[in-house]
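Let's take a walk through a protein model together. Keep the sequence and the 3D view open as you read.

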Amino acid sequence: MADHKEKNSKFAAILSQLRKERGCSQKKAAADLGISQALLSHYEKGIRECGLDFVIKCSDYYGVTTDYLLGVSTSRYGIDEDYLYKVATDGESSTMSTISQGMKILLETAIASTDGTDSIRYLRDYYMLCLYRGALMLAKAGKLPSEMFRLDYTIGHELASAAISLLDARFVFIEDKSRTGLDAIHKSELQTVIEDAESYLMANFISE
């Protein structure tokens, strides 16, 4: 019985957290989810339990897995959080693991530093477009089927690049705030990515 209450408490806390992260009022979220504000309030406070259909609806609405909503997993998107640590620590696998860890740290730090949805939306769009460009390159090299894409490779790549530049121009992402110490906690992977990127830029684009 205690375990059941704990699970319901986790669901209630996560449900409330996701709504606040989106910057959405209870009234709007309830309307979007097709229930009354009073009922959503009860769900978020753990006063009442919801059915599986509502859990699935919330999963789609907030873009997270049902396991995350229920507190079964700490991974929002179904990715095994231990995966990156299981990757071999030599050769190219080590490089990819470092890049993946660095990206994870950067995303988590950025999301944790904002109360609104603009930064999260910016991150989603930015990385989505970067991955799209990467997928286009693989398709052009014959590694992905061309049927996956509606746009010509060159047109898609140029449009994605333009959209990324527009995002950078329209959105001031990180404000000038005092240091939080987050970089000290997770310095290794992110610092390695930064150093590698700067070394690459200096070696390939900056003449002595």
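First, some ground rules. This is a predicted model, where local features need pLDDT of at least 70 and side-chain atom pairs count only at pLDDT 80 or more, while totals for chains, interfaces and linings use all residues. Residues are numbered from 1 along each chain as its sequence is written, and side-chain values use heavy atoms, leaving out hydrogens and water.

**The overall picture**

The chain has 11 helices and zero strands. Helices here are DSSP runs of H or I with at least four residues, strands are E runs of at least two, and both are numbered from the N terminus. Of the chain's 208 residues, 26% count as buried. Buried means under 20% relative accessible area, exposed means over 50%, and partly exposed is in between (1.4 Å probe, protein chains only). Now look at contacts, meaning heavy atoms within 4.5 Å. Among those with a separation of 6 or more, 56% join residues 24 or more positions apart.

**Two helix pairs**

Two packed helices are described by the angle between their axes and the distance between the axes. The axes are lines fitted to C-alpha atoms, for helices over the stretch in contact, and the angles run from 0 to 180 degrees between N-to-C directions.

| Pair | Angle | Axis distance |
|---|---|---|
| H2 and H4 | about 115° | 10 Å |
| H2 and H3 | about 105° | 8 Å |

Helix H2 covers residues 26-33 and helix H4 covers residues 52-62. Their angle makes H2 roughly perpendicular to H4. For that label, angles of 65 to 115 degrees count as roughly perpendicular, under 35 as roughly parallel, over 145 as roughly antiparallel, and the rest as oblique. On the H2 side, the contact uses Ala29, Asp32 and Leu33, and H4 brings Phe54, Lys57, Cys58, Tyr61 and Tyr62. By class, that contact has six nonpolar, no polar and two charged residues. The classes work like this: Ala, Val, Leu, Ile, Met, Phe, Trp, Tyr, Cys and Pro are nonpolar, Asp, Glu, Lys and Arg are charged, and the others, Gly among them, are polar.

H2 and H3 are roughly perpendicular to each other as well. Here Gln26, Lys27, Ala29 and Ala30 of H2 meet Gln37, Leu40, Ser41 and Glu44 of H3. This contact of H2 with H3 has three nonpolar, three polar and two charged residues.

**What's inside**

Which residues have the most contacts inside the largest nonpolar core? They are Leu15, Phe54, Tyr62 and Leu69, in a core of 20 residues. A nonpolar core is a set of buried Ala, Val, Leu, Ile, Met, Phe, Trp, Tyr and Cys residues joined through side-chain atoms within 4.5 Å. Helices H1 (2-22), H2, H3 (37-45), H4 and H5 (66-69) each supply at least two residues of this core. The largest share, five residues, comes from H4.

**A few more stops**

In H3, the buried residues are Leu39, Leu40, Ser41, Tyr43 and Glu44. After H3 comes Gly46, with a positive phi near 75°.

Ser9 lies in helix H1 and is partly exposed, with a relative accessible area of 45%. Ser9 and Glu44 are 35 residues apart in sequence but 8.6 Å apart in space, C-alpha to C-alpha.

Finally, find Tyr132 in helix H8 (residues 118-140). Tyr132 is partly exposed, at 25% relative accessible area. Not counting residues up to four places away in sequence, Tyr132 touches Phe149, Leu151, Gly156 and Ala160.
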